[in-house]
Amino acid sequence: MTTRSISPNMALDQLIIERKARGEDILHLGFGESRLPVFPALIERLMAGAKNSAYGPVVGGLAARRAVAGWFDRRRLPTDPGQIVLAPGSKPLLMALQMSLPGDLVVPRPAWNTYVPQAVALGKLVHPVPIPEACGGVPDPALLRGVVEDARAAGANPRIMILTLPDNPTGTHAPPALVRELCALAQELDLVIISDEIYRDVLHDPREPFLSPAEIAPERTVVTTGLSKNLAIGGWRIGAARFPEGPLGEDIRAAVAAAASEVWSNLAGPMQEVAAYAFDEPPELTEHIARSTRLHGIVARRAHELLVKAGGACRPPTGAFYLYPDLEPIRDALAEHGVTDSASLEHRFLEHTGVAVLGGHHLGDLPQALRFRIATCQLYGPTEEAQQQALDAADPLQLPYVSQALSRWEESLVRLFC
């Protein structure tokens with residue numbers, strides 16, 4: 001039997017929780033959970049939905065699917081409720097999609113640490129393609145064709161390509177021209193696109209153009225999303241997928257619904273009540289998301305400034321709440337302290353500076369690279385009161401906890417060499 005382990009980010013989070021419970025002082029930047037208080041109206045909808053105890057349709061109730069369809073409509077993707085499937089989080093939808101689609105997986109390198117283990121668990125081969133210089137979340141189109149053609153020449157069958165827009169782990173998003181180029185290649189190479197857009201509403205500058213592959217290649221793109229990141233309710237597990245119109249989309253949706261019926265049955269009734277409210281985007285909730293995204297952007301940019309000041313290289317953040325630094329420019333200095341790869345770098349951060357980060361090797365990156373991910377959303381405060389203050393502040397960088405946490409991040413980059 002193949003030995004399996006839990007997801008590395010979940011394992012790291014569990015480890016840090018245990019060590020903090022023993023009294024250790026650790027700044028936990030390794031887990032991408034949006035640390036903000038739950039918007040009160042969401043709690044009200046959850047309580048109102050508690051009476052909904054029936055199973056209901058596998059794909060989700062009509063009211064919630066209509067709300068999701070409207071959410072896509074407002075994002076230049078006209079959608080019928082019949083194209084939507086709801087689930088307890090986007091992660092099971094991604095697994096069901098890989099179960100339902102034939103062929104192997106093409107994935108950016110680095111990528112969120114769930115795509116590849118899901119493929120491996122299903123017996124699929126994985127074909128990583130390095131990301132371009134400009135951003136993460138997408139394969140470099142200059143390399144994509146070669147990787148796919150070489151894999152097929154060797155007898156493999158890459159047919160699925162996952163994109164993350166905006167991206168985890170790099171905190172960046174692909175510009176429209178790059179998305180168009182990838183869609184053209186997907187058409188030419190006959191790749192089905194899974195576009196993971198769970199961070200779409202966490203784009204730091206709302207004026208920045210965003211293009212979904214479903215706008216360019218609608219017949220071959222499935223879009224997944226959810227409420228974990230923009231509304232900070234990851235533990236509530238609310239996800240949704242939009243399937244293409246036409247025979248291919250209908251076939252994929254039917255297969256995903258069949259998988260759902262055997263695995264999770266349906267999204268819980270109370271959560272469907274929340275989904276119907278949230279995806280309908282009432283003004284008060286839209287304003288809350290805008291304020292949250294503003295906070296994410298401000299803090300991520302400051303953490304990036306401190307990283308670059310210390311000598312690291314890093315793409316400037318444009319979305320989500322992550323940085324993906326590369327300490328290659330200071331490799332020689334780190335080597336003097338036994339740091340030669342991302343695993344030893346992760347260990348050095350935790351054991352010598354008291355800061356938890358997620359090494360790039362967990363994200364499919366080259367193990368010898370000195371790259372890692374931090375989640376800047378962990379810098380807002382350990383309590384709901386502190387987090388609310390950060391959300392409300394005109395300048396959150398001036399708040400004591402945020403300022404102290406950023407100073408500790410800065411100090412950790414110095415202490416790596418002490």
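Contact means heavy atoms within 4.5 Å. This is a predicted model, in which local features need pLDDT of at least 70, side-chain atom pairs count only at pLDDT 80 or more, and totals for chains, interfaces and linings use all residues. Residues are numbered from 1 along each chain as its sequence is written, and side-chain values use heavy atoms, with hydrogens and water left out.

**Domains**

An automatic or database assignment sets the domain bounds. The table lists them.

| Domain | Residues |
|---|---|
| domain 1 | 8–38 + 285–416 |
| domain 2 | 41–282 |

Taken over C-alpha atoms, the two centres are 26 Å apart. In the contact, 32 residues of domain 1 meet 37 residues of domain 2.

**A helix pair**

Helices are DSSP runs (H or I, at least four residues), numbered from the N terminus, as are strands (E, at least two). Helix α13 (residues 342–353) packs on helix α15 (residues 400–415) at about 110 degrees, with axes 10 Å apart. Axes are lines fitted to C-alpha atoms over the stretch in contact, and angles run from 0 to 180 degrees between N-to-C directions. Angles of 65 to 115 degrees count as roughly perpendicular, so α13 and α15 are roughly perpendicular to each other. From α13, Arg-348, Phe-349, His-352 and Thr-353 meet Arg-408, Trp-409, Ser-412, Leu-413 and Arg-415 of α15.

**The cavity**

A cavity is a set of points on a 1 Å grid where a 1.4 Å probe fits but cannot get out; lining residues have an atom within 4 Å of a point. Volume is the space filled by probe spheres set on the points. The whole structure has one cavity of 30 Å³ or more. The largest cavity holds about 80 Å³. It is lined by 15 residues, with Trp-71, Asp-201, Leu-227, Asn-230 and Phe-279 closest to its centre.

Methods: Parallel < 35°, antiparallel > 145°, perpendicular 65-115°, else oblique. 1 Å grid on protein atoms, 1.4 Å probe; cavity = no way out; pocket = protein on both sides within 12 Å on 5 of 7 lines; lining within 4 Å.
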